[in-house]
Amino acid sequence: MKWIFILSILFSLYSCSDLKKSKQLASIDTMSSSLDSIQQILEANEIDTIAALTVATMTVELRIKNNYYADTIDMALGKKMDAFKLMRRKIPKLGTTFNTIKTGVKDQKVALTNLKKDIENGNGDRKKYAEYVAFEEGKTQQLRVLLTDYVVEKEKTMTDFDSLYPEMNAFSLSLLNKKKNVTIKK
C-alpha cells in the first residue's frame, strides 16, 4: 500500500512538472513566432538608403548655412528649417534603431533555442525555468515595443522628408545660384 501511495505521489509530481514543461515550451514557441513576425515587419520597413538620405539632407542644410545671408529670417522659413533639422537628425537614429532590433531578434532567437533545449533535456536548474521564460518574454516584449516605435518614427520621418526636402533643396540651390550671380557681377 505504501508503494502505491509513493508511486502515485511521484506520478502526480511528474505530471505537474510535465504540465509546466509543456506550458514553458509552448510559451517559447509563441515567442519564436512573435520574433519571426517582428523580423518580417522590420525587413518590410527597412530604409536601405539611410546614408544617402543623411548626406542629401546635410548637403542642403550646409548649402543654406553657407549661402543664406539676412538680418531677419522669415517665420515660415525658420519653422521649415527647424523641422528640416529635426528630420535630418532622426535619419541616422533610425538606422541605429533598425540595427538594434535586427541584432536583438537574432540574439533572442539564439537564447530561445538554447532555453528550449535546456527545458526539453532537463538541463540546468529546473526550478528557475519559469523565471527564465518570463525573462525571455520580457525581452521579446521590449523588441515589440521598440519595433512599434521604430515603424511610427520611420513613417513620420519619411513623411517629413518627402514634404520638406524638395522645397528646402530647391531653396538651397536658388541661394547657391544667387551667390554665383552676385560673384559674377562683381
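The term salt bridge here means a side-chain nitrogen of Lys or Arg within 4 Å of a carboxyl oxygen of Asp or Glu. Both residues belong to helix H4, three residues apart, or about one turn of the helix. Helices (H or I, at least four residues) are DSSP runs, numbered from the N terminus.

Glu136 is buried, at 9% relative accessible area, while Lys139 is partly exposed, at 27%. Buried stands for under 20% relative accessible area, exposed for over 50%, and partly exposed for in between (1.4 Å probe, protein chains only).

## How the model was read

Please keep in mind that this is a predicted model, in which local features need pLDDT of at least 70 and side-chain atom pairs count only at pLDDT 80 or more, while totals for chains, interfaces and linings use all residues. Residues are numbered from 1 along each chain as its sequence is written, and side-chain values use heavy atoms, with hydrogens and water left out.

Glu167 is partly exposed at 39% relative accessibility, and Lys80 is partly exposed at 28%.

## The wider set

The count comes to nine salt bridges. Glu61, Lys65 and Arg88 are linked in a salt-bridge network.

How values were computed. Helices (H or I, at least four residues) and strands (E, at least two) are DSSP runs, numbered from the N terminus.
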